[in-house]
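Student: Hey, I've just opened this one and I'm new to it. Can you walk me through what's there?

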Amino acid sequence: MDVRDAPEPPRPRAGAWRRLARALAPRPTRGQLIAGVLCAILGFGLVAQVRETHADDLSSLSQDELVRLLDEVTKRTDSLEQQAVALRSQRADLVTGADSERAALEAAAKRATVQGILAGRLPAQGPGVRLVLTEPGPHLSATLLVDVLEELRNAGAEAIQIDRSRITASSYILDTADGVEIDGVALRAPYVWLVIGDPNTLVPALEMPGGALASVRGDGGGTNLETMKHVVVDAVREPPSDHYATPAPSPPADSSGD
Amino acid sequence: MIAVIGLLLGALAGIFLEPSVPTVLQPYLPIAVVAALDALFGALRAILDGTFDDRVFLVSFLSNVLVAALIVFLGDQLGVGSQLSTAVVVVLGIRIFSNAAAIRRHLFKA
């Protein structure tokens with residue numbers, strides 16, 4: 001036996017190995033049983049403790065370590081909360097900025113729309129009047145038409161179209177042999193006006209005694225004025241780009257009140 | 001042999017029963033395990049010395065465990081639990097090392 005366990009056993013070593021082997025040999029003595037029970041207890045406790053250590057780190061820590069851990073967690077929470085507050089305010093700033101930017105964008109779009117309608121660049125619709133000028137007799141002069149146009153403008157007309165010509169601030173009306181010429185387009189009677197504006201203002205302004213329509217009728221023309229809830233001014237005109245005029249820098253805010 | 005079988009049986013029981021250490025015992029179990037290990041090595045050394053006695057083994061095993069637990073308990077009460085635990089582990093570790101060295105000298109003459 002000892003030869004198998006230790007190939008070249010000197011005497012004392014052989015004694016040690018023999019003692020070990022004799023102790024390990026299974027004999028149902030009291031000492032062996034006690035040793036077995038104690039070793040079983042040891043193995044059980046060892047495994048239980050190892051599992052406990054692996055299962056839950058916190059329960060094996062001492063009070064000091066737990067306090068330190070708690071402290072660290074609290075500090076970490078504090079710093080994270082500060083970070084969250086900072087990020088939240090940053091987000092609020094960004095949202096506000098986006099809001100004001102969107103408001104500016106909306107205002108700009110609205111302005112662009114209004115100015116597009118004013119400049120004749122955009123089609124428009126709304127309440128207004130439809131005016132048809134016929135000339136059963138002599139030609140209606142351009143002056144008469146300009147009178148009508150001025151009357152409409154005075155009455156607050158916002159978009160005006162004669163036949164297919166959009167009338168803008170730079171529109172002109174010329175006499176020709178058999179009609180008029182508006183912005184380079186020759187027109188003949190009847191002239192169909194589509195006007196967007198307040199009908200309650202436009203109609204009295206046009207029908208005013210001695211006013212524009214009275215002048216037309218006095219010159220032998222026929223007038224047919226009807227109020228419409230929905231007028232579509234769909235003739236558009238691309239305004240010429242400015243060659244010379246450029247936008248002036250806006251004056252400082254404090255000097256604007258002076 | 002019975003001791004080795006007992007150790008394996010205990011370990012297997014611990015693995016398959018998955019015991020949860022009671023909270024009361026949690027501070028003492030690791031130290032108790034180390035103390036029992038020390039007693040085990042001491043017994044091994046006694047076997048090789050030819051002076052093994054089962055009664056001594058039983059008493060030393062139990063007293064080691066109890067004294068270690070008592071020291072930890074006392075340390076906890078005094079507020080120096082972790083330091084005293086460390087001290088116990090160091091002492092037991094030294095004893096385990098010296099026992100292991102004696103066993104090694106017995107078995108290998110080195």
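Student: How many helices and strands are there in chain A?

Tutor: Chain A has 7 helices and 8 strands. Those are DSSP runs numbered from the N terminus: helices are H or I with at least four residues, strands are E with at least two. Keep in mind that this is a predicted model: local features need pLDDT of at least 70, side-chain atom pairs count only at pLDDT 80 or more, and totals for chains, interfaces and linings use all residues. Residues are numbered from 1 along each chain as its sequence is written, chains are lettered from A and ligands numbered from 1 in the order in which they are written, and side-chain values use heavy atoms, leaving out hydrogens and water.

Student: OK, what share of chain A is buried?

Tutor: Of its 258 residues, 29% are buried, where buried means under 20% relative accessible area, exposed over 50%, and partly exposed in between (1.4 Å probe, protein chains only).

Student: Which helices pack at about 145°?

Tutor: That's α5 (residues 142-154) and α6 (residues 199-207) of chain A, with axes 9 Å apart. The axes are lines fitted to C-alpha atoms, over the stretch in contact for helices, and angles run from 0 to 180 degrees between N-to-C directions.

Student: Which residues make that contact?

Tutor: From α5(A) you get Val148(A), Glu151(A) and Leu152(A), and from α6(A) Leu202(A), Ala205(A) and Leu206(A). Contact here means heavy atoms within 4.5 Å.

Student: Switching topic: what does UniProt say about residues 63-90 of chain A?

Tutor: The unreviewed UniProt entry annotates them as "coiled-coil region"; such annotations may be inferred rather than shown by experiment. In the model that span is 100% helix and 0% strand, and its end C-alpha atoms lie 40 Å apart.

Student: And chain B? Where does Asn99(B) lie?

Tutor: In helix α4 (residues 81-108) of chain B.

Student: Why does Asn99(B) count as buried?

Tutor: Because its relative accessibility is 7%. Not counting residues up to four places away in sequence, Asn99(B) touches Asp38(B), Phe41(B), Gly42(B) and Arg45(B).
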